[in-house]
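Please read them with the structure open.

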Amino acid sequence: MNIKLKIWRQQNQDSPGHFEEYAMSGIEEHMSFLEVLDLLNEQLFAEGKEPVAFDSDCREGICGQCGVVINGQAHGPIRSTTCQLHMRHLSEDPSFKDGSTITIEPWRSTGFPVLRDLIVDRSALDRIVQAGGYISVNTGGAPEAHSVPVQKEKADAAFEAAACIGCGACVAACPNASAMLFTGAKIAHLGLLPQGQPERLARVVSMLGQHDAEGFGGCTNIGECAAVCPKSVPLEVISRLNRDLGHALWKGQKAH
């Protein structure tokens, strides 16, 4: 197939960005989207031009490094990571024709400053976790941990929340650029387990405070975050976060 790539180019976070278009031919439907970007960069390098900077690592849908917005959708038209998107997924769209233009942008959020082209700085998510996404009490080794009974319903919900890979698609899809699905997941997978109870209320206050300090927007329950999450983290983690926050404020809980 023949395609045109309309890609956001930006030197750094302080310089203005712009779109550039590149025509490509001979693209096969079994190629992954990142392979297409690799092929484009080979062409640009051969022409003596600056390659397009983009993030990737495992390319197996595990690490979440590869996120970009494709035709207005975080990670593209399928619910998966960008590296698992193949050209056949794009060509199956009825509006797609030979020579169609595919628009590629970085995540858009105050909390995700653009480092270069399609690469954004997602260290804000790390700082949210550092604010309280851990258990500091002595929980013992694996045998002791396994000896603590956990209700299956809560264990299943904790595993669902722990599946979050921190890719940032929830932020990119949210009209408010909120990271509440990420924050809720990191709070829920600890708060649902017995080992996470001693710091449960302090954790939600500290992590949500850091979330707001990073410049992420508030949640208005639109649900776009959960709709694009490649690991299917449920929207309910935000409800749990809000319940814990209300309880913490009622108790007069302060941040760490």
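1. Contact here means heavy atoms within 4.5 Å. On that basis, residues 24 or more positions apart account for 69% of the contacts in the protein with a separation of 6 or more. This is a predicted model, in which local features need pLDDT of at least 70 and side-chain atom pairs count only at pLDDT 80 or more, while totals for chains, interfaces and linings use all residues. Residues are numbered from 1 along each chain as its sequence is written, and side-chain values use heavy atoms, with hydrogens and water left out.

2. The secondary structure comes to 10 helices and seven strands. Helices (H or I, at least four residues) and strands (E, at least two) are DSSP runs, numbered from the N terminus. Taken along the principal axes, the C-alpha atoms fill a box of roughly 60 × 40 × 35 Å. Of the 256 residues, 46% count as buried. Buried means under 20% relative accessible area, exposed over 50%, and partly exposed in between (1.4 Å probe, protein chains only).

3. How many of the residues of α7 are buried? The count is 11 of the 12, so α7 is largely enclosed by the rest of the structure. The buried residues are Met180, Leu181, Phe182, Thr183, Gly184, Ala185, Lys186, Ile187, Ala188, Leu190 and Gly191. What covers them includes α3 (123-130), α5 (152-162), α6 (169-173), α8 (200-213), α9 (224-228) and α10.

4. For the 12 residues of α7 the span should be 16 Å, and the end C-alpha atoms are 15 Å apart, which agrees. The 14 residues of α8 should span 20 Å, and the end C-alpha atoms of α8 are 20 Å apart, which also agrees.

5. Helix α7 (residues 180-191) packs against helix α10 (residues 236-250) at an angle of about 70°, with the axes 8 Å apart. That makes α7 roughly perpendicular to α10. The axes are lines fitted to C-alpha atoms, for helices over the stretch in contact, and angles run from 0 to 180 degrees between N-to-C directions. Angles under 35 degrees count as roughly parallel, over 145 as roughly antiparallel, 65 to 115 as roughly perpendicular and the rest as oblique. The crossing of α7 and α10 is left-handed, meaning that the near helix is turned anticlockwise from the far one by less than a right angle; clockwise would be right-handed.

6. On the α7 side of this pair, Met180, Leu181, Thr183, Gly184, Ala185, Ile187 and Ala188 meet Val237, Ile238, Leu241, Asn242 and Asp244 of α10. By class, the contact of α7 with α10 has eight nonpolar, three polar and one charged residues. Ala, Val, Leu, Ile, Met, Phe, Trp, Tyr, Cys and Pro count as nonpolar, Asp, Glu, Lys and Arg as charged, and the others, Gly among them, as polar.

7. Helices α3 and α7 pack at an angle of about 30°, with their axes 11 Å apart. Their crossing is right-handed. Leu125, Ile128 and Val129 of α3 and Phe182, Thr183 and Lys186 of α7 make the contact. By class, the contact of α3 with α7 has four nonpolar, one polar and one charged residues.

8. In α8, the buried residues are Leu201, Ala202, Arg203, Val204, Val205, Ser206, Met207, Leu208 and His211. Their cover includes α3, α7 and α10. Just after α8, Gly215 takes a positive phi of about 95°.

9. Ala179 is in the loop between α6 and α7 and is buried, with a relative accessible area of 0%. Not counting residues up to four places away in sequence, Ala179 touches Leu125, Val171, His211, Phe216 and Gly217.

10. Please look at two backbone angles. Most residues other than glycine have a negative phi. His75, although not a glycine, has a positive phi of about 70°; His75 lies in the loop between β4 and α2 and counts as buried at 0% relative accessibility. Arg59 has a positive phi near 55° and is placed in the loop between α1 (33-46) and β3 (69-70). Arg59 is partly exposed, at 32% relative accessible area.

11. Ser80 is in the loop between β4 (73-74) and α2 (87-91). At 17% relative accessibility, Ser80 counts as buried. Leaving aside neighbours within four places in sequence, Ser80 is in contact with His75 and Pro230.

Terms used
Expected span 1.5 Å × (residues − 1).
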